[in-house]
Amino acid sequence: MGNWIEITIRTTTEAVEAITNILYENGAAGAMIEDPKDFNFQKKNEYDWDYVEEEVFNKSGEDCVKIKTYVSEEKNVIEFVENIKHRISTLKDFGIDPGEGSVSMDTVNEADWANNWKKYYKPTKVGEKIVIKPSWEDYKANKDEIVIELDPGMAFGTGTHETTSMCICQLEKYVSPDSKVFDIGCGSGILAIAAAKLGAKDVTAVDLDEVAVEVAKENVKESNVEENVTVLHGNLTDVIHDKADVVVANIIADIIKILAKDVQQFMKDDAIFISSGIILAKIDEVVESLEENGFEIVEVIRKGEWSAIVSKIRK
């Protein structure tokens, strides 16, 4: 068995999405997020199932967010770490506070690496109907529940984070059997899969990251929704040429503000735009950007440190 290098970044809730994107862009195979704020929120709400083992959080007592990823020792780990450090140091230029922003390394063997992933993922009910389940966990679904089996490892989002679960709840509300859905920045494809499982007849998932596209395609295949879901590599404006009933984008606030300028041309007149990945401090500026670009705000949802905004084209 080979060894893996466990890389731990200490940062802030605000910087989580940006740093995980940096990791993926540099070839990381996935990321695990330990955010005490997310966990404390989960513990306050009985309707949210715990999706990590408590020991993960009890052992540290730290208040900072820890992002962990694993890199094979066969790769140039030093170069990887230096690239990550440099990119984190530039986040302040984009108005993102990375906090401590430290990057540390530790060696783990392959068996430990596999088990480290597993303790982070439990069957999780994220909406009224949808349950996300890793393959190694047993789960007996109730008659109204829809189970999506999704493993981490290479996963870009497993459905359990607040940003994703808010999107899934809104998809449950707005997707109907005749819906055409676009998932922008699809990552693992979890939202596209959820839309298809909820009955959408035509779902297109788009991502700029080639690794994410391959992961999403595999997850779509494993979920048996290939007939309804198409995964495309590229920019929304380059690869999509028609209009949807529902557009969902779980990205980050700054990208949603840019997206607000173009996304209308891919929406039917009565379409819904679900945007998430927005930290609470940036709600007002995202709302302002949407309104400036001809959107009417339908609802702002808050969960933990995050928010989602549902909007539609202003008549």
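Tutor: Contact means heavy atoms within 4.5 Å. This is a predicted model, in which local features need pLDDT of at least 70 and side-chain atom pairs count only at pLDDT 80 or more, while totals for chains, interfaces and linings use all residues. Residues are numbered from 1 along each chain as its sequence is written, and side-chain values use heavy atoms, with hydrogens and water left out.

Student: Which residues in α1 meet which residues in α4?

Tutor: Helices (H or I, at least four residues) and strands (E, at least two) are DSSP runs, numbered from the N terminus. From α1, the residues are I19, I22, L23 and E25. They meet F80, I84, R87 and I88 in α4. By class, this contact has six nonpolar, no polar and two charged residues. Nonpolar covers Ala, Val, Leu, Ile, Met, Phe, Trp, Tyr, Cys and Pro; charged covers Asp, Glu, Lys and Arg; the others, Gly among them, are polar.

Student: At what angle do the axes of α1 and α4 cross?

Tutor: Two packed helices are described by the angle between their axes and the distance between the axes. Axes are lines fitted to C-alpha atoms, for helices over the stretch in contact, and angles run from 0 to 180 degrees between N-to-C directions. The axes of α1 (residues 16–25) and α4 cross at roughly 145° and come within 10 Å.

Student: Is R87 buried or exposed, or something in between?

Tutor: Buried means under 20% relative accessible area, exposed over 50%, and partly exposed in between (1.4 Å probe, protein chains only). R87 has a relative accessible area of 30%, so it is partly exposed. R87 belongs to helix α4 (residues 77–89). Its contacts, leaving aside neighbours within four places in sequence, are I22, E25 and N26. R87 and I19 are 68 residues apart in sequence, but their C-alpha atoms are 8.4 Å apart in space.

Student: How are α6 and α7 placed relative to each other?

Tutor: The axes of α6 (residues 162–174) and α7 (residues 190–197) cross at roughly 20° and come within 10 Å. The two helices are therefore roughly parallel to each other; that label applies to angles under 35 degrees, with over 145 roughly antiparallel, 65 to 115 roughly perpendicular and the rest oblique. The crossing of α6 and α7 is right-handed. On the α6 side, T164, C167, I168 and L171 take part, and they meet I190, L191, A194 and A195 in α7. By class, seven of the residues in this contact are nonpolar, one is polar and none is charged.

Student: What does I168 touch?

Tutor: I168 lies in α6 and counts as buried, with 0% relative accessibility. Setting aside neighbours within four places in sequence, I168 is in contact with V126, I130, I132, I190, L191 and A194. V126 is 42 residues away from I168 in sequence and 7.0 Å away in space, C-alpha to C-alpha.

Student: How many of the residues of α7 are buried?

Tutor: Seven of the eight, so α7 is largely enclosed by the rest of the structure. The buried residues are I190, L191, A192, I193, A194, A195 and A196. After α7 comes G199, which has a positive phi, near 110°.

Student: In what order do the seven strands of the open sheet stand?

Tutor: Two strands pair if DSSP finds at least two bridges between them. The order is β10-β9-β8-β11-β12-β14-β13, and the pairing is mixed. β10 (229–233) and β13 (295–303) are the edge strands, each pairing on one side only. From one strand to the next, the twist averages 15°.

Student: In what sense do β8 and β9 pair?

Tutor: β8 (residues 180–184) and β9 (residues 202–207) pair in the parallel sense, over five bridges. K180 stands opposite D202 in β9. Helix α8 (residues 210–222) packs on the sheet, where it touches β9 and β10, and its direction makes about 165° with that of β10.

Student: Is T204 buried or exposed?

Tutor: T204, in strand β9, has a relative accessible area of 11% and is therefore buried. Beyond its neighbours within four places in sequence, T204 is in contact with V181, F182, D183, T230, L232 and I240.

Student: How many residues of β12 are buried?

Tutor: β12 (residues 267–279) is mostly covered, with ten of its 13 residues buried. Strand β11 (residues 244–250) runs parallel to β12, joined by six bridges. A249 stands opposite S275 in β12.

Terms used
A crossing is left-handed if the near helix is turned anticlockwise from the far one by less than a right angle, and right-handed if clockwise.
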